[in-house]
Amino acid sequence: MNFIKQPNTTISRTLYQTDIILFQKLLGNESSEEAQFSDNRQLVMLAIGILNRTLNLEGFLVAVVGQKWKFYGKVMIGETLSVAYQVQENKTFGNKRYIYDIKIDLIVEEHVVAEGIWGIMLNSKL
């Protein structure tokens, strides 16, 4: 299993109007063209998507066992969202199941706009 094993890693992605429009349409919101900033749920989805690709979890992720989030600000169209993460805890659960808590900071221009803990169960060690 190939994982990035660094104590703290930052990845970035710019938020585009198309991202907001498509997400709002997914929610059934017809006035999506007017939105100028992301929904908090969208921020979580972007962060998890970046981590999923970065950590190469496809084929190894068994379950998401918990999430806790705090939001401090909005991300506007054109702003770049950085995701800093750190694997904090490792627990063995049964035979060949491993639970990890990953601390996530969502950052825009050096300001934390959200922070959370993502608990995941994998069928392999990080």
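Predicted model: local features only at pLDDT ≥ 70, side-chain atom pairs only at ≥ 80, totals over all residues.
**View 1. Glu110 is found in the loop between β4 and β5.** Residues are numbered from 1 along each chain as its sequence is written, and side-chain values use heavy atoms, with hydrogens and water left out. Helices (H or I, at least four residues) and strands (E, at least two) are DSSP runs, numbered from the N terminus. Although Glu110 is not a glycine, its phi is positive, at about 70°. Glu110 has a relative accessible area of 80% and is therefore exposed (over 50%; buried means under 20%, and partly exposed lies in between, with a 1.4 Å probe and protein chains only). Glu109 sits in the loop between β4 and β5 too. Glu109 is another non-glycine residue with a positive phi, about 50°, and its relative accessible area of 63% makes it exposed.

**View 2. The whole protein chain follows the pattern β-α-α-β-β-β-β along the sequence.** That gives two helices and five strands. The chain has 126 residues, of which 39% count as buried. If you look at contacts (heavy atoms within 4.5 Å) between residues at least 6 apart in sequence, 65% of them join residues at least 24 apart.

**View 3. Helices α1 (residues 17-26) and α2 (residues 40-54) pack at an angle of about 110°, with their axes 11 Å apart.** Axes here are lines fitted to C-alpha atoms, for helices over the stretch in contact, and angles run from 0 to 180 degrees between N-to-C directions. The two helices are therefore roughly perpendicular to each other, a label for angles of 65 to 115 degrees. On the α1 side the contact is made by Asp19, Ile20 and Phe23, and on the α2 side by Arg41, Gln42 and Met45. These contact residues divide into three nonpolar, one polar and two charged; Ala, Val, Leu, Ile, Met, Phe, Trp, Tyr, Cys and Pro count as nonpolar, Asp, Glu, Lys and Arg as charged, and the others, Gly among them, as polar. Within α1, the buried residues include Asp19, Ile20 and Phe23, along with Ile21 and Gln24. After α1 comes Gly28, with a positive phi near 85°.

**View 4. Ser38 has its place in the loop between α1 and α2.** Its relative accessibility is 1%, so Ser38 counts as buried. Leaving aside residues up to four places away in sequence, Ser38 touches Leu15, Ile20, Leu43, Lys74 and Val75.

**View 5. The largest nonpolar core has 29 residues.** Such a core is a set of buried Ala, Val, Leu, Ile, Met, Phe, Trp, Tyr and Cys residues joined through side-chain atoms within 4.5 Å. Leu81, Ile102, Ile104, Leu106 and Trp118 have the most contacts inside this core. Two or more residues come from each of α2, β3 (80-92), β4 (98-108) and β5 (111-122), and α2 gives the most, with seven. Zoom in on Leu106: beyond residues up to four places away in sequence, its contacts include Leu43, Ala47, Trp69, Leu81 and Val113.

**View 6. Ala63 lies in strand β2 (residues 61-71).** With 27% relative accessibility, Ala63 counts as partly exposed. Ala63 touches Gly119, Ile120 and Met121, not counting residues up to four places away in sequence. Ala63 and Gly119 are 56 residues apart along the chain, while their C-alpha atoms are separated by 8.7 Å.

Definitions and conventions: Parallel < 35°, antiparallel > 145°, perpendicular 65-115°, else oblique.
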